Amino acid sequence: MRFIHTSDWHIGHRLYGQKRYQEFKQFLDWLITYCTEHPVDALLVSGDIFDSTTPGNRALALYYRFLHRIAHTSCRNVIIIAGNHDSPTLLDAPRELLSQINVHVIASPRYQPEEQVFFLQGADETDAMIVCAVPFLRDRDIRSAVAAEDMDTKSKKLQEEIRSHYQKICAAAENIRNQHGFPLPIVAMGHLFTAGGQTVDGDGVRELYIGGLAHLHSSGFPECIDYLALGHLHIAQRVGGKEQYRYCGSPLAMGFNEAEQKKYILDVSLSPTELQVTPVQVPCFQDLVRLQGDLASLTDSIKQLAEQESAAWLELCYSGSSDPGRLRQQLQDAVENTSLHILRIRTNHSAAVHLQQKKPTESLDDLSVEDVFERCLASTNYTPEQCTDLRLTFQKVVASLDQEDIDHG
């Protein structure tokens, strides 16, 4: 069997307010072309289809159009699991309808183990494999909270429950394999953070459990798994050094810290006796460039990019001492009449200081957009009247962005 392993599309993601629908469309078009030119039997998408639990109309349209198109290629089956960014309810709603075109969605672990296991056949009916589709396992889905439970106990229980869930699903897969009387390969899908996984600062990868709880070790997965198709981490990597345990990574850079990374889908050929994993590099559909230096250095670098007719999005890290208000206008003047676009200007005065945790268990996910804005506003010296004006402007901007998603659905 030959299949594609991909994950972490994050459709609808915005980079410092800049919408990226064109990039998502280009990636999905490219993936359709790849599956057409390189016939595969299945497509496995290991979670975080969307960037938000409430994706806009444009994000949903891209998703459903892709599924309609992939059904008309040689790809006979698509299996999708929910990630921590996804809404289980939203993904699950069209489940029965999508199954009619061999698109199978598992959004939550509420189904019986055998309902999360799929027997897939290739174009040659002698080729087959079994797929265990395990979505992101939320704490409330797999265990009951206990009063006065300390963090160490909670961590051990979470890890045990995750291991137990995989064992149940894989046991159901082994039953199917035994019924066929043939050593069919077993593929398991998952969306979680494994111990030792590589991330980069600012990549948007959320800690799935407070304090790094339940980072499952590679030894925690059942031995019957011939290939483990994981999602959540944005860097393509092996798990525990094992060739058959893989994160494919995100297909698009989710931030400037990922700009230098090569992005991949994994083209996997699997038989009972052989595994071949071929990383296929995803084209870069939008250049992201980080520049650093004083004003003269930044403007010189911008000039060089403009001469190269670059249309990059820029993050400018300023190391001088100019007034921030005047600096912004000078840098905007530097990109005027070019195809370059400044998304962020960072100065020595960073609002990150004001976003530090106010309590040990607090994470950025606990803060609303408004909370972040207020903490940043508190770091300034604006007058109360100016703060009021800024709040009103901020509210209008947020409302207009949300409305654009609806209007352009």
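Select residues 209-213 to start: in this predicted model, pLDDT (the predictor's confidence in each residue, from 0 to 100) stays under 50 there.

Next, colour the protein chain by pLDDT. Its mean is 87, with 86% of residues at 70 or more. Helices (H or I, at least four residues) and strands (E, at least two) are DSSP runs numbered from the N terminus. Go to strand 4, residues 42-46, where confidence is highest at 98, then to helix 5, residues 139-142, where the mean of 76 is the lowest.

Residues are numbered from 1 along each chain as its sequence is written. Local features need pLDDT of at least 70, side-chain atom pairs count only at pLDDT 80 or more, totals for chains, interfaces and linings use all residues, and side-chain values use heavy atoms, with hydrogens and water left out.

Move on to residues 264-270 and 275-281, which are strand 13 and strand 14. The two run antiparallel and are joined by 7 bridges; strands pair if DSSP finds at least two bridges between them. They form a hairpin with 4 residues between them. Pick Leu-266 and look across to Pro-279 in strand 14, which stands opposite.

Finally, show the cysteines. The whole structure has 0 disulfides, a disulfide being a pair of cysteine sulfur atoms within 2.5 Å. Cys-224 is in none, and the nearest cysteine sulfur, that of Cys-170, lies 4.1 Å away. Cys-224 is buried (under 20% relative accessible area, with exposed over 50% and partly exposed in between; 1.4 Å probe, protein chains only), at 13% relative accessibility.

Terms used
Contact means heavy atoms within 4.5 Å.
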